[in-house]
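Dear colleague,

Below is the structure I promised to pass on to you.

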Amino acid sequence: MTDSVLSSPLRDRIDMLRDPRLLRRALPAVSLAAILIAIFLINDRAMSYRGLDLMLKYAVPIAFATIAQMFILTVNDLDLSIGAFVGLVACIAGTWLVDQPVLCVLILAGCVASYAAVGALIHVRRLPSIVVTLGMSFVWLGIAVILMPTPGGTVPEWLKGLMSWKPPLIPFPIVACAAIALVAHVLLMESSYGAVLRGAGGNATAIDRAGWSLLRIRMSMYALAGFFGVLSGLSLIGLTTSPDAHIADRYTLLSIAGVILGGGEFVGGRVSPIGAVIGAVTLTLTGSFLIFMRISPDWQIGAQGAVLIVVLALRALIKLREGR
Amino acid sequence: MRASLKKALLSMASTALMLGAGVAEADTSDKKIALSNNYAGNSWRQSMLKSWDTVTKQAVADGIVAEATPFTTSENQVTEQAAQIQNLILQGYDAIVLNAASPDALNGAVKEACDAGIVVVSFDGIVTEPCAWRIAVDFAKMGEVQLDYLNEKMPQGGNLLEIRGLAGVFVDDEIHKGIEAGVKKYPQFKVVGSVHGDWTQTVAQKAVAGILPSLPEVAAVVTQGGDGYGAAQAFKAAGRPTPLIIMGNRQDELAWWKEQKDANGYETMSVSIAPGVATLAFWVAQQILDGKDVPKDMIVPFLRIDQGNLEENLANTESGSVANVEYALEDANKVIEAAR
């Protein structure tokens, strides 16, 4: 078959498929689909309402944490404390949410405010966010360990009920992840202030010249991150039914990996909320995939990293073509 | 085809027998058991996985169970292990043998496994969810026997340095409580310093080196295992006299002890849990699947090494490993009987 035989609209469509920008945008979804198909092939039990529900349950708190990280990455910062913060939220909620809900909400609001304060500190003193948030991670963990030296505490029934809710047709984790992606998307990509927020990461000087307060922008991004961190902690203890100071240590790196896997960049305000949630879900499914593969424990840890590297390598390839 | 028919008939017959007599044993040869392990990054866990491998491979070869696959999460993470358990439920295992990252935070996932009809046996790092079985180590006792020994060895008392484990992990808290109780019992001892060694020689060495300059003379070091050798190195580097350091059954600790014993008659004791406790949990799970009535809470004895049996234990412990015992079905039955 030669080119002349192909009708031109079809050729246009094929050309579009080879467009690197589209490829780059589609990569997160394609990776997710690939891993889902692989899982379904290995374990047909996974291809059911219950299977998806079980596999994706723990994706919900990771999705929240990933969105939190994404807000920070939008302004070219990196948050190394989100995991410890989620752990602290879990401990606070596990200590007070049942007995003194009002006090608990106030304390959690205070946590969000202190996140904003960290943002302000970073902005005003021009400190590297990595250093400040790394320091804060020890502060959050320290408070959490003081609050809960041994794991324990109680989680309200409504929270447990919500997280194990089984809506008809579509499993709850999928509904929740879609909702998270949608809210973050509207907030950051569709609203006019969202464009300003992203602009602060892309070209701070321009935003500054246009009369926007960069301090306020950074503070609101950190506050948003804190808010989503709180949601992450609450949804997490709804699943585990009991908090623990170390419950979410892993979330710091998972959230960064989720954003990057979802098409985000470390600099330039280039992020995608929908991609980030897809990234978080993909990371969760990678764990399932490796378990279903029955890879020996010695290799499981490395294999998880390998999946990440493959996806990122693919993206680097696409980027190379984009640059040409 | 014919074989499977025969098997079906057999299993029907055995079910009938079971219903009839109530004592006949169910067959576990088609049962699948999974090990859910939360951490593999130290010598104790490596020995544990090795023991699991040795014992369960033999059990599978003997047709006792169909499968006994180990699964490990990378960094002692509750969230990852909870997700792992969810996946094991989905994979259709009949029993999950569990070394948990947290006593409470996995309860949600464990409950879900129980609801799916899966037998969950936790050991070492146990879970509080009532539907699971627990093979617990009396960690507080492990702290207390150290003080009992010290009281015997140096009745005049003295200053103690305490090396703790990983902050916020309940094992650390339990052993610490035992040591506190011991100090209360023998008030001639006084804890003058406390550091976290994270059960890792290098971390312990750094932590002890950091606190040593601020300490008066130390008569003994109470530990949690995996930190004794590091402590000895820190004392040596600081040029201070080596105190009595309680060991934790690690090979490097036992080798150092032997070296000191040969050189200057150094005396101490060593206590920890044998990593082979995983194999004990395996047999308990197999017995539960077999239809045996097993109490929910069992206690596993810990492995203590003294001056007398040091050489024997050291010879049996590979370099980079931990003194170990692998358990057999009879041991499991003994532990089950003892719990009644």
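The side chains of A:Lys57 and B:Glu112 form a salt bridge, at 2.7 Å from N to O, the term standing for a side-chain nitrogen of Lys or Arg within 4 Å of a carboxyl oxygen of Asp or Glu. This pair crosses between chains, since A:Lys57 sits in the loop between helix H3 (49-56) and helix H4 (59-74) of chain A, while B:Glu112 belongs to helix H4 (residues 107-115) of chain B. Helices (H or I, at least four residues) and strands (E, at least two) are DSSP runs, numbered from the N terminus. A:Lys57 is buried, with a relative accessible area of 4%; buried means under 20% relative accessible area, exposed over 50%, and partly exposed in between (1.4 Å probe, protein chains only).

Before going further, please note that this is a predicted model, in which local features need pLDDT of at least 70 and side-chain atom pairs count only at pLDDT 80 or more, whereas totals for chains, interfaces and linings use all residues. Residues are numbered from 1 along each chain as its sequence is written, chains are lettered from A and ligands numbered from 1 in the order in which they are written, and side-chain values use heavy atoms, with hydrogens and water left out.

For chain B the pLDDT (the predictor's confidence in each residue, from 0 to 100) averages 88, and 92% of the residues score at least 70. Residues 12-24 of chain B, however, stay under 50, and for this stretch the model has four contacts beyond four places in sequence, a contact being heavy atoms within 4.5 Å.

Turning to the interface, 34 residues of chain A are in contact with 36 residues of chain B. The two chains bury about 3100 Å² between them, 55% of it on carbon and sulfur atoms, where buried area is the accessible area (1.4 Å probe) that two parts lose on being put together, summed over both. Two salt bridges are found across this interface, and a salt bridge also joins the side chains of A:Arg250 and B:Glu80, at 2.4 Å from N to O.

Helix H4 of chain B, which carries B:Glu112, is largely enclosed by the rest of the structure, because seven of its nine residues are buried. Among the buried residues are B:Val110, B:Glu112 and B:Cys114. What covers them includes H3 and H12 of chain A, together with helix H3 (78-91), strand S3 (95-99) and strand S4 (119-123) of chain B. Just after this helix, B:Gly117 takes a positive phi of about 80°.

Within chain B, B:Lys57 forms a salt bridge with B:Asp53, with the closest N and O atoms 3.1 Å apart. Both residues lie in helix H2 (residues 43-61) of chain B, four residues apart, which is about one turn of the helix. B:Lys57 counts as exposed at 53% relative accessibility, and B:Asp53 is partly exposed at 33%.

A further salt bridge links B:Lys258 to B:Glu311, the closest N and O atoms being 3.6 Å apart. B:Lys258 lies in helix H9 (residues 251-264) of chain B and B:Glu311 in helix H11 (residues 310-315), so the pair ties together parts that are 53 residues apart in sequence. B:Lys258 is partly exposed, at 21% relative accessibility, as is B:Glu311 at 31%.

With best regards
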